[in-house]
Amino acid sequence: MMKQQTLSRIYTFEGVGLHSGRHVRISLCPAPEGTGIVFRRLDLRGAEVKADAANFHKGARSTGLKSGKAEARTVEHLLSAFAGLGVDNAVVEMEGAEIPILDGSAKPFAEAIVADGLVEQEAEREVITVREPFEYRDDRRGSYLRIEPASATSYQVKIDFNSKVLGVQEACFDGSGYPDGIAPSRTFCFKREIRWLRLLGLIKGGSLDNALVIDEPVGYLGSKPIFENECARHKLLDLMGDFLLAGKPIVGRITAFKPGHTFNVTALKSFLETENQ
Ligand SMILES: [Zn+2]
């Protein structure tokens with residue numbers, strides 16, 4: 001059995017939120033055993049919302065959490081870094097509603113935390129052991145997600161946007177190499193979507209500095225991918241962040257085709273319901 005882990009010090013980040021475009025500062029703080037990941041809104045007298053599927057608040061193109069007044073938006077990349085590095089307990093103090101997008105990946109979070117290492121705590125880490133194969137499908141979007149028994153946690157993601165630039169991409173993660181292999185992969189969107197996303201009041205903080213932009217069928221506007229399958233790796237990064245909302249690590253083989261935030265969390269909730277029966 002593994003012990004629970006927390007951060008070894010406080011880390012502060014600041015920058016714009018991808019969707020709100022607002023400048024925000026956050027601090028990642030160590031927390032006692034059994035805390036889980038909690039977002040604390042300093043600008044709302046310390047109102048808190050826990051990273052838990054029950055608090056999922058549907059947001060377009062991002063994962064949000066809400067409990068009472070406390071809201072935390074675009075939490076997925078930070079949660080992914082916690083999941084990928086094995087951080088069980090942390091309090092994220094926020095001076096606004098949205099986590100800064102930084103470079104569009106989880107690298108700034110992962111790099112900082114890895115540099116200091118984690119602190120092992122006294123209590124054992126609780127996990128969810130998958131007993132039976134589970135499958136969730138959304139035929140309208142052509143997506144599926146499977147969770148199967150295995151001795152360790154692994155993720156495999158396949159994407160198909162019917163894109164000449166991206167092609168069909170796959171990425172996998174077997175529990176090691178998160179900081180170099182998964183964390184640096186950046187969020188992405190298609191140039192043709194930008195006008196529509198802006199009309200919806202989204203991506204106000206989006207720029208070529210924090211996203212890969214695909215100009216179909218020509219190539220990439222701005223920066224080029226650092227991995228040939230960077231977009232699949234990013235979808236895997238997102239899925240790991242969304243699955244942290246299970247509250248405990250899931251020990252099993254997780255496979256997803258065409259994942260997305262709302263789809264991921266809906267599938268996870270359905271899995272947790274069958275687990276708890
Ligand atoms: Zn993402």
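Two strands pair if DSSP finds at least two bridges between them. Helices (H or I, at least four residues) and strands (E, at least two) are DSSP runs, numbered from the N terminus. The legends below concern a predicted model, in which local features need pLDDT of at least 70, side-chain atom pairs count only at pLDDT 80 or more, and totals for chains, interfaces and linings use all residues. Residues are numbered from 1 along each chain as its sequence is written.

View 1. In β5, Ala 47 is the bridge partner of Arg 41. Strand β4 (residues 37–41) and strand β5 (residues 47–50) run antiparallel and are joined by 4 bridges. Their hairpin has 5 residues between the strands, and Arg 45 in the hairpin takes a positive phi near 55°. With strand β9 (residues 90–94), β4 runs parallel, joined by 5 bridges; here Phe 39 stands opposite Val 92.

**View 2. The two faces of strand β4.** A residue is buried if 20 or more other C-beta atoms lie within 10 Å of its own, exposed if 12 or fewer, and partly exposed in between, with C-beta atoms placed from the backbone. By this criterion 5 of the 5 residues of β4 are buried. Ile 37, Phe 39 and Arg 41 are buried on one side, and Val 38 and Arg 40 on the other.

**View 3. Helix α4 and the residue that follows.** Helix α4 (residues 191–199) has 9 residues, of which the number buried is 0, so the helix lies largely in the open. Just after α4, Gly 201 takes a positive phi of about 80°.

**View 4. The crossing of helices α5 and α6.** The axes of helix α5 (residues 230–243) and helix α6 (residues 261–275) come within 10 Å and cross at roughly 40°. Axes are lines fitted to C-alpha atoms, for helices over the stretch in contact, and angles run from 0 to 180 degrees between N-to-C directions. Asp 238, Leu 239, Asp 242 and Phe 243 in α5 meet His 261, Asn 264, Val 265 and Leu 268 in α6. Contact requires that the C-beta atoms of two residues, placed from the backbone, lie within 7 Å.

**View 5. Surroundings of Val 119.** Val 119 belongs to strand β10 (residues 118–124). This residue is partly exposed, with 15 other C-beta atoms within 10 Å. Leaving aside residues up to four places away in sequence, Val 119 touches Gln 5, Thr 6, Ser 8 and Pro 30. The C-alpha atoms of Val 119 and Gln 4 are separated by 8.6 Å, although these residues are 115 residues apart along the chain.
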